[in-house]
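The structure comes first, and the notes follow by topic.

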Amino acid sequence: METNGLDGVRELCRRVLEEEAGAHGWDHAERVWRLCRHIGALEGANLEILELAALLHDIGRAEESASRGKVCHAVAGARRAANILEQKGFSSETVARVTHCIASHRFRGENSRPQTLEARVLFDADKLDALGAVGVGRAFLFAGEVGARLHNPEVDIAETRSYSRQDTAYREFTVKLCKIRDRMLTETGRRMAEDRHAFMVSFFRRLDLEVRGDR
Ligand SMILES: [Fe+2]
Ligand SMILES: [Fe+2]
């Protein structure tokens, strides 16, 4: 017998996302879920909507990979989440509120902008998981996957390419991750991003000094 309610969704997400190795698997979903509970409580969001959205937010990843990036996992994930929630007996209002969060969690163009507090919290939680000590760890895991070097202080970052041996954690931070703190949508998210950002700056400064033999 399948469990219904939040626990049922949690079990299903664990089963599906554990198959997905790497940066967007179950570990990521669980961290985003914890961040959502923390930020959501401080911001006064509806935690039932938020927890469901957090657990399900990357459920469309497999579809995106299978299409080699043609299908957006936020759009595919919202569709798949709607089916799951309907099957598990959630009301149509809950389904609509949760799927809006999922569909807008990537938010690049104006048309996918998060419209609700829950969607803004999920967006911030998902971005925060790329920052701080977790962000450093994830950046090195990814660098390891593509066979990148530990650090490349002598290389001009502008000349390097992603998915190459020069695609180091430091490059990832300099090119992408250092811009995330300017994109936060809630007050709590902004505060946490600022703190996590500062930690990464000091980590990479220290790494640089150590690699140069100065510390
Ligand atoms: Fe995502
Ligand atoms: Fe995510």
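The donor residues of the iron ion (ligand 1) follow the sequence spacing D-x14-H-x31-H, where donors are N, O and S atoms within 2.8 Å of the metal (3.2 Å for Na, K and Ca), and sites may look incomplete since water is not among the atoms. This is a predicted model, in which local features need pLDDT of at least 70 and side-chain atom pairs count only at pLDDT 80 or more, while totals for chains, interfaces and linings use all residues. Residues are numbered from 1 along each chain as its sequence is written, chains are lettered from A and ligands numbered from 1 in the order in which they are written, and side-chain values use heavy atoms, with hydrogens and water left out.

**Iron site**

- Asp58 (OD), His73 (NE2) and His105 (NE2) coordinate the iron ion (ligand 1) at 2.1 to 2.2 Å.
- Asp58 coordinates both the iron ion (ligand 1) and the iron ion (ligand 2), which are 3.4 Å apart.
- Asp58 sits in the loop between α3 (47-56) and α4 (61-66) and His73 in helix α5 (residues 73-87), so the pair ties together parts that are 15 residues apart in sequence.
- Helices (H or I, at least four residues) and strands (E, at least two) are DSSP runs, numbered from the N terminus.
- Asp58 and His73 are both buried, that is, under 20% relative accessible area, with exposed meaning over 50% and partly exposed in between (1.4 Å probe, protein chains only).

**Packing of α2 and α3**

- The axes of helix α2 (residues 26-43) and α3 are 8 Å apart, at an angle of about 160°; axes are lines fitted to C-alpha atoms, for helices over the stretch in contact, and angles run from 0 to 180 degrees between N-to-C directions.
- α2 and α3 are therefore roughly antiparallel to each other (angles over 145 degrees; under 35 is roughly parallel, 65 to 115 roughly perpendicular and the rest oblique).
- Residues of α2, including Trp26, Trp33 and Arg37, meet residues of α3, among them Leu47, Glu51 and Leu55; contact means heavy atoms within 4.5 Å.

**Two buried residues**

- Glu51 lies in helix α3 and is buried at 11% relative accessibility.
- Not counting residues up to four places away in sequence, Glu51 touches Leu6, Trp33 and Arg37.
- His151 is placed in the loop between α8 (132-145) and α9 (169-175), and is buried with a relative accessible area of 5%.
- With residues up to four places away in sequence left out, His151 touches Thr168, Tyr170, Leu207, Asp208 and Val211.
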